[in-house]
Amino acid sequence: MAKEMLSVNNLSISFGGLRAVDEFNLTINEGELYGLIGPNGAGKTTVFNLLTGVYKPDVGIIKLDGKDITGQPTIAINKEGIARTFQNIRLFSDMSVLDNVKVGLHNRFEYSTLSAVLRLPKYFKVEKEMNEKAMELLKVFDLDKEADLKASQLPYGKQRKLEIARALATDPKLLLLDEPAAGMNPNETKELMETISFIRKNFNLTILLIEHDMKLVSGICERLTVLNFGRVLCEGPTSEVLNNPEVITAYLGE
Amino acid sequence: MKTLINKFNSDKTFKQNTITYAIVIVAYILCQSLILGGVMSNSMKGLLIQFCYYIIMAVSLNLTVGILGELSLGHAGFMCIGAFTGAILYKTLGEVLTFKPLLLLICIVAGALLAGLFGFLIGIPVLRLKGDYLAIVTLAFGEIIKNVCAAVFLGKDSKGFHISLKDQAALNLEDSGEMIIKGPLGITGLSFTVSFTACVILVLITLIIVLNLVNSRTGRAVMAIRDNRIAAEATGINVTKYKMLAFTISAALAGVAGVLYASSLSTLASSSKNFGYNMSIMILVYVVLGGIGNIRGSVIATVILVLLPEKLRFLSNYRMLIYAVVLIAMMLINWSPSARAKRDVLLSKINIFKKKTDEKEVQ
């Protein structure tokens with residue numbers, strides 16, 4: 001049996017009287033590409049926020065690669081190996097494309113603030129390594145020619161890609177993608193699907209993605225969980241789930 | 001030399017930083033030659049040191065406002081701490097240490113350390129806040145520092161230091177004792193002699209610290225927090241650590257400016273005229289006119305705005321009115337989008353080289 005990368009048990013959170021996520025369970029195996037779908041307001045992004053420590057769950061246990069990470073702060077969870085992108089793009093918009101990725105490399109390449117201010121040899125050595133690594137990542141996403149542009153100057157589709165590149169720079173085991181294809185045209189979506197497959201193979205990744213674009217979901221996800229009103233409606237292999245009458249009702253109404 | 005030229009052409013930040021340092025050095029050489037030629041007026045000579053400490057203030061405030069992205073309105077408070085630390089040390093160590101450059105160095109390092117320490121302590125509560133709230137609380141802390149410095153009495157005798165917030169008599173000084181801080185009257189009998197050269201060196205050191213910091217792992221972390229705190233956290237950046245770091249360094253540099261300020265006076269007293277919020281706002285104006293986050297801009301804007309009121313003296317009563325009008329006009333010309341577009345068109349007409357490259361790009 002494959003190794004469990006992420007296991008979520010009985011996860012719940014309430015905001016005031018609203019049970020945003022209710023007894024949520026999820027198991028993702030290593031190397032899997034998993035989809036989390038559901039109508040608007042079903043609590044998908046809240047699940048992401050719980051997984052990355054933005055919210056603390058009321059009850060439930062989250063285990064990453066066998067280690068309990070429930071209730072840890074966001075930074076610690078990132079260091080444990082979860083990286084994410086955001087539904088509404090959150091880039092460091094006034095910084096260059098290259099610097100955005102270099103921020104992602106922050107915890108992997110270290111030198112002290114003092115060696116930066118005094119420009120000691122260590123600074124130049126590590127900066128050079130960082131530049132090479134960052135350019136390598138940008139090449140994967142075909143962004144290397146735009147490295148010197150400000151992140152906000154990139155067209156929309158490339159901003160989405162840059163966000164993924166930045167997340168990858170933190171060297172995650174598990175990558176969470178929140179609607180990566182939102183606002184993309186069919187061509188861009190197709191290209192994105194190829195990129196996701198490529199990085200999953202080449203970076204040894206497990207991927208969990210939220211998506212509304214069913215073409216993308218059925219095209220690349222192996223298994224799905226459907227969320228409705230904060231509860232798991234059903235889960236299983238993609239084709240089965242998408243043909244489930246309950247799921248169709250939840251999406252299209254009675 | 002050739003490698004340096006290559007680096008200048010290929011590395012964009014290296015090029016920009018070199019230009020900034022070059023501007024300061026060229027300005028320094030120009031001023032020195034004017035002084036040696038005997039052309040510079042006395043009032044201008046008096047301004048030179050002012051330029052230096054205001055530049056250090058503006059650059060350090062730009063680190064908080066432009067790079068960290070938090071509006072601080074209490075920057076003069078840290079300058080006040082630096083000024084008083086420097087002046088107290090000067091008074092107490094002045095008799096023992098006769099080698100003045102060393103004494104000055106000690107004053108500057110101590111002023112920076114103490115202002116930095118206060119920056120750190122004040123940063124703990126303040127940096128939990130955001131935006132307007134942060135601005136108001138820094139304003140309050142700035143006023144507290146100023147008022148405490150204006151209320152304190154400090155004296156020294158054979159038994160050591162005596163401190164009181166009440167009055168001079170409460171210190172119970174021996175007859176041989178000496179007053180250092182006389183409450184609202186401040187510290188008298190200062191006679192620092194800081195050369196213009198030393199000040200320019202400090203300006204350069206400040207610029208090197210800030211610019212090197214910005215273009216480093218640390219600076220990127222700070223700017224990432226400014227641009228998007230949530231994303232920075234999700235990317236593994238320790239938000240609290242880097243906010244504190246930037247704020248502390250900014251405060252420490254303001255402390256250096258404070259020591260230089262004290263060095264230009266014979267009597268240092270804390271009042272709303274020098275360390276009040278007026279000063280903090282004035283420095284903020286320098287930063288905003290120079291461009292938030294633009295370090296070189298801060299340097300240039302400071303020089304212009306310190307020089308302007310002096311050059312407008314012939315207008316007597318209308319001086320500050322005209323100053324305000326000029327300020328508004330400069331802000332508009334520099335930062336309103338339509339004025340900037342017109343300015344770019346004008347510049348491209350003047351600059352033939354630029355026009356040519358533009359055409360190439362179009363083809």
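Residues are numbered from 1 along each chain as its sequence is written, and chains are lettered from A and ligands numbered from 1 in the order in which they are written. Because this is a predicted model, local features need pLDDT of at least 70, side-chain atom pairs count only at pLDDT 80 or more, and totals for chains, interfaces and linings use all residues; side-chain values use heavy atoms, with hydrogens and water left out.

**View 1. Chain A as a whole.** Chain A has 10 helices and 10 strands. Both are DSSP runs numbered from the N terminus: helices are H or I with at least four residues, and strands are E with at least two. The C-alpha trace spans about 65 × 40 × 40 Å along the principal axes of chain A.

View 2. Domain 1 of chain A covers 1-81 + 172-254, and domain 2 covers 92-170. These bounds come from an automatic or database domain assignment. The centres of the two domains, taken over C-alpha atoms, are 27 Å apart. In the contact, 19 residues of domain 1 of chain A meet 12 residues of domain 2 of chain A. Contact means heavy atoms within 4.5 Å. Together the two domains of chain A bury about 1300 Å², with 70% of it on carbon and sulfur atoms. Buried area is the accessible area (1.4 Å probe) that two parts lose on being put together, summed over both. Which three residues supply more than any other three of the area that domain 1 of chain A buries against domain 2 of chain A? They are Asn78(A), Pro172(A) and Phe203(A), with 29%.

View 3. The interface of domain 1 and domain 2 of chain A holds 1 salt bridge. A salt bridge is a side-chain nitrogen of Lys or Arg within 4 Å of a carboxyl oxygen of Asp or Glu. The side chains of Glu191(A) and Lys161(A) form a salt bridge at 2.6 Å, N to O. Between the two domains of chain A, 3 residue pairs are in polar contact, both residues at pLDDT 80 or more. A polar contact is a pair of N or O atoms within 3.5 Å; within protein, one must be able to donate a hydrogen and the other to accept it, and residues adjacent in sequence count only if both atoms are side-chain atoms. On the side of domain 1 of chain A that touches domain 2 of chain A, α2 (74-80), β7 (174-178) and α7 (186-202) of chain A each supply at least two residues. α7(A) gives the most to that side, with 6 residues.

**View 4. Where chain B meets chain A.** This contact takes 29 residues from chain B and 30 residues from chain A. The two chains bury about 2500 Å² between them, 59% of it on carbon and sulfur atoms. On the chain B side, Arg217(B), Arg220(B) and Thr235(B) lose the most area to chain A, together 30% of what that side buries. The interface of chain B and chain A has 2 salt bridges. Arg217(B) forms a salt bridge with Glu110(A), with the closest N and O atoms 3.8 Å apart. Which element gives the most to the side of chain B that touches chain A? It is α8(B), with 8 residues.

**View 5. The two domains of chain B.** Chain B is divided into domain 1 (2-311) and domain 2 (321-363). Their centres, over C-alpha atoms, are 32 Å apart. Domain 1 of chain B brings 9 residues to the contact, and domain 2 of chain B brings 7 residues. The two bury about 720 Å², 83% of it on carbon and sulfur atoms. This interface has 0 salt bridges.

**View 6. A salt bridge within chain A.** Glu30(A) and Lys3(A) meet through their side chains in a salt bridge (3.9 Å, N to O). Glu30(A) lies in the loop between β2 (18-29) and β3 (33-37) of chain A, and Lys3(A) in the segment before β1 (4-15) of chain A, so the pair ties together parts that are 27 residues apart in sequence.
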